[in-house]
Amino acid sequence: MEHYLVVVRHGRTEWNRVERFRGRANIGLDGVGVEQARAASRSLPRYQPRAIYASPLERTARTAGIISQELGLEAVPLPQLIDMDFGDWTGLTLDEGARKDGGLFKLWQEAPHRARFPGGEGLAEVRERVEAAVALVREKHPEETVVLVSHKVVCKVLVLALLGLENSRFWQVEQDLAAISVFDFRLGRPSALLINDTCHLKGL
């Protein structure tokens, strides 16, 4: 039987619209984000998921809740999927971050695997959590399709981990709002079927 790991990024929030560092801030979906989550949910039944796990933050929990209604499954909070902690940079726009610490902003853009945000964390910690989350769900659902709902940074790092790529490749993978990525585990190792699919969002 085919079984997949389906990675979904949450829908839009107001802080996505204005592009602020979101991190652990508990922001809800806006109207567009709700519609994006609904559109994503309609693309998932074809994979026959048997479980849904999500970051506990409001934007991911709401997205997962919409998906769970479509699939008739309970969305389970999974703390390891929580967004990267941007610490003192939480809530800043990109321009504000660049003004606050130009050196760190440049490092984040050019060598993201070496950047660590004051009062927060770096990609290495995110990678550790992501790999633990995958191991957990694969152990609990070895022959079943599982949906993971998380955040941009987490989804990007998750894709890199599944592809066997280092965090230094962070900017070479995109994960748009409400995007879907699908990995096949039939051969015992992850094989990418879709990365950053947003076809379901056409017309929104």
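Tutor: We will go through the aromatic rings, the cysteines and the pocket in turn. This is a predicted model, in which local features need pLDDT of at least 70, side-chain atom pairs count only at pLDDT 80 or more, and totals for chains, interfaces and linings use all residues. Residues are numbered from 1 along each chain as its sequence is written, and side-chain values use heavy atoms, with hydrogens and water left out.

Student: Ok, how many aromatic pairs are there?
Tutor: Rings of Phe, Tyr and Trp (its six-membered ring) pair if their centres lie within 6.5 Å; planes under 30 degrees apart are stacked, over 60 edge-to-face, and the rest tilted. The count by this rule is eleven aromatic pairs. In one of them, the ring centres of Phe86 and Phe117 are 4.9 Å apart and the planes stand at 75 degrees, so this pair is edge-to-face.

Student: Where do Phe86 and Phe117 lie?
Tutor: Phe86 is in the loop between strand 3 (75-77) and helix 4 (94-100), while Phe117 is in the loop between helix 5 (102-110) and helix 6 (123-140), so the pair ties together parts 31 residues apart in sequence. Helices (H or I, at least four residues) and strands (E, at least two) are DSSP runs, numbered from the N terminus.

Student: Is Phe117 buried or exposed?
Tutor: Phe117 is buried, at 1% relative accessibility. Buried means under 20% relative accessible area, exposed over 50%, and partly exposed in between (1.4 Å probe, protein chains only). Phe86 also counts as buried, at 5%.

Student: And how do the rings of Trp89 and Phe117 sit?
Tutor: Their centres are 5.3 Å apart and their planes at 70 degrees, so Trp89 and Phe117 are edge-to-face. Trp89 is buried too, with a relative accessible area of 1%.

Student: Which residues form the aromatic cluster?
Tutor: One cluster is made of Phe21, Phe86, Trp89, Trp108, Phe117, Phe170 and Trp171.

Student: Switching to cysteines. How many disulfides?
Tutor: There are zero disulfides, a disulfide being a pair of cysteine sulfur atoms within 2.5 Å.

Student: What about Ser181, where is that?
Tutor: Ser181 is in strand 5 (residues 180-184). At 0% relative accessibility, Ser181 is buried.

Student: Last topic. Which residues lie nearest the centre of the largest pocket?
Tutor: Glu19, Arg22, Trp108, Lys152 and Trp171 do, out of 17 lining residues. On a 1 Å grid over the protein atoms alone, a pocket is an open set of points where a 1.4 Å probe fits, with protein on both sides within 12 Å along at least five of seven lines; lining residues have an atom within 4 Å of a point.

Student: Which helix gives the largest share of that lining?
Tutor: Helix 7 does, with three residues. Helix 5 and helix 7 (152-163) each supply at least two.
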